[in-house]
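Below are some questions and answers on a protein model, meant to be read beside its sequence and structure.

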Amino acid sequence: MISGLCEASLFEEAMDFLNRMRSSSCIPNVVTYRTLLCGCLIKRQLGRCKRILSMMITEGCFPSPRIFNSLVHAFCKSGDYSYAYKLIKKMVICGCQPGYVVYNILVAGICGNEELPSSDMLELAEKAYGEMLDAGIVLNKVNISNFARCLCGAGKFERAYNVIREMMSKGFIPDSSTYSKVIGFLCNASKVENAFLLFEEMKRNGVVPDVYTYTILIDSFCKAGLIEQARNWFDEMVRDGCAPNVVTYTALIHAYLKARKLSNANELFELMFSEGCFPNVVTYTALIDGHCKAGEIERACQIYARMRGNVETSDVDIYFRIDDGNSKEPNVFTYGALVDGLCKAHKVKEARNLLDSMSVEGCEPNHIVYDALIDGFCKAGKLDEAQEVFANMSERGYSPNVYTFSSLIDRLFKDKRLDLALKVLSKMLENSLAPNVVIYTEMIDGLCKVGKTDEAYKLMLMMEEKGCYPNVVTYTAMIDGFGKLGKVDKCLELLREMSSKGCAPNFITYRVLINHCCATGLFDEAHKLLDEMKQMYWPRHVSSYRKVIEGFNREFILSLGLLDEMSENDSVPLIPVYRILVDSFIKAGKLEAALELHEEIPSSFPLKTADKDMYTSLIESLSRASKVDKAFKLYADMVKRGGVAELNTFVLLIKGLININGWEEALQLSDSICQMDVHWLQQEESSYRK
């Protein structure tokens, strides 16, 4: 009777019939309840299922494990994961031990959707996963991939990496697909180190990588600048009989071009043709983008012209030797790469013409193209043209994003058009776009540069209130602003504040602060900051610490003299900081302190012109202070490090000897100079006469 009523969707009648049974002292047994529960479950009457289940358990009638599995599945499908998890707990109360099926149903429900789960739901999946581990139960291979993807999406990369290892400890052997997917998730999250370790483990376990695994690793390592390792994997896959596809070749060719290794890129392109793998529009787009980033803008334009059918550009024949019949027509991404390249090469007029060509060719520009052109015009100081493109973009139905506003605000501050910059900010807020840390930093830096440091500081406080936290670039700009006003105490306070908030100062921050301390005579404080700076961890190589200066204005970096240091040295540029301190201590008459600082400089650093000037300045000060022995010792140290003394250095040493009545030594030095390099002296004298 109850089964028939449920099948006819007469659920109220079925519940009434159950209640009449109870009132007639005909106590429903487990079969009755299960019939009613299954009837409601089939018809997705989940609210009734909850009530019936509660009644059953109260009366000691328990569903079977199979019914529990079906209930968990139904509630997961409805999105009620919390109740689905509670059902697993009810299974234990009913004497059913949750097993492989029910746990996998729950994890699949939470993590199997394309959209990432909320933090609460992911936490629930992790809780269930932990219980599985304790019970010795494994996830199936689909759930392992999906669970790892969700963990990566939530930034829990170590956890995702450990999932594979934990499952293996329970006897699960991942296949190539499972490994590849998790490696892909880690690579997409830029966790290449974890991806590398998992890949090595994959090979140790005898799982043969496929072209997808190799390609995603090669692409990710290329994007991270680790081209040699990427090439090693390319060679390995070829050696092991795994044929690279067009995506594999494209990733490595693109990386070689960006690294200005044109011969390597061309060699790989030749290999690609010889193996019967033909380039597609993505490959040609990568060629254009790579040549642009390598500074070969003319060649990029020639490749674009050949894609459009212009056969007169023979310089790029290597890339168009075979016609495989596939379309090579530029797409919106091709145009985007070339527009961006032209803008960065300061060819904004040509970039604008290319935008017009897109419309003629029926290729609708996208957000990336408009943003690149607006940024190009802004950086070229052509604000009117940027605003024209901005208006055109809006007419086409594209709403400006944070990047668009960032370009405009940066240009307006550079042009000291503060009122208009604030209007753009207001428009941004009208569009419900919250400024990011880059925009706030641009505004703070711009206000500091025009002397409105107090307003800049208020803006920094406001950004924190809005939930956008200052980064090292923001703090450094603010410290520089207060430093230029002589408010070094405030600078030091900001340094302490940023450290307490988990924002570590970098060597640019220290450089700026030490400079301002020296300018105001706070030498002891400057020396303390140098000691603190040396104790911190800094990246060892140039390629690593270039990341440290990301976000800083190029002119600002140039003003600190760091670009030269970074191009010539293979270590963090501490030497410029020493130069500032040594020079400041000399000017303040603290000669001994200056000498002590100079002795701290490692002798392994290459000697540059600025370092020779520091030696000369110290030798001059020591000679005037009648400390000629120390002056000669410094001279010997300079020569030992490969420095060649100029005539002026010898003159200073001779004057020092004369000051202490060392006439005989002065004459000997003078005579030895003449005998040592008469021709050099004549050249010097002739150069002075010129």
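Q: Are Tyr 304 and Tyr 335 buried or exposed?
A: This is a predicted model, in which local features need pLDDT of at least 70, side-chain atom pairs count only at pLDDT 80 or more, and totals for chains, interfaces and linings use all residues. Residues are numbered from 1 along each chain as its sequence is written, and side-chain values use heavy atoms, with hydrogens and water left out. With buried meaning under 20% relative accessible area, exposed over 50% and partly exposed in between (1.4 Å probe, protein chains only), Tyr 304 and Tyr 335 are both buried.

Q: How do the planes of Phe 199 and Trp 233 make the pair count, as stacked or edge-to-face?
A: Rings of Phe, Tyr and Trp (its six-membered ring) pair if their centres lie within 6.5 Å, and planes under 30 degrees apart count as stacked, over 60 as edge-to-face and the rest as tilted. The structure holds 15 aromatic pairs. In the pair of Phe 199 and Trp 233 the centres are 5.4 Å apart and the planes stand at 80 degrees, so the pair is edge-to-face.

Q: How many residues apart in sequence are the parts that Phe 199 and Trp 233 tie together?
A: Helices are DSSP runs (H or I, at least four residues), numbered from the N terminus. Because Phe 199 lies in helix 12 (residues 192-204) and Trp 233 in helix 14 (residues 227-239), the parts that the pair ties together are apart in sequence by 34 residues.

Note on methods: Helix = DSSP H or I, 4+ residues; strand = E, 2+ residues; numbered from the N terminus.
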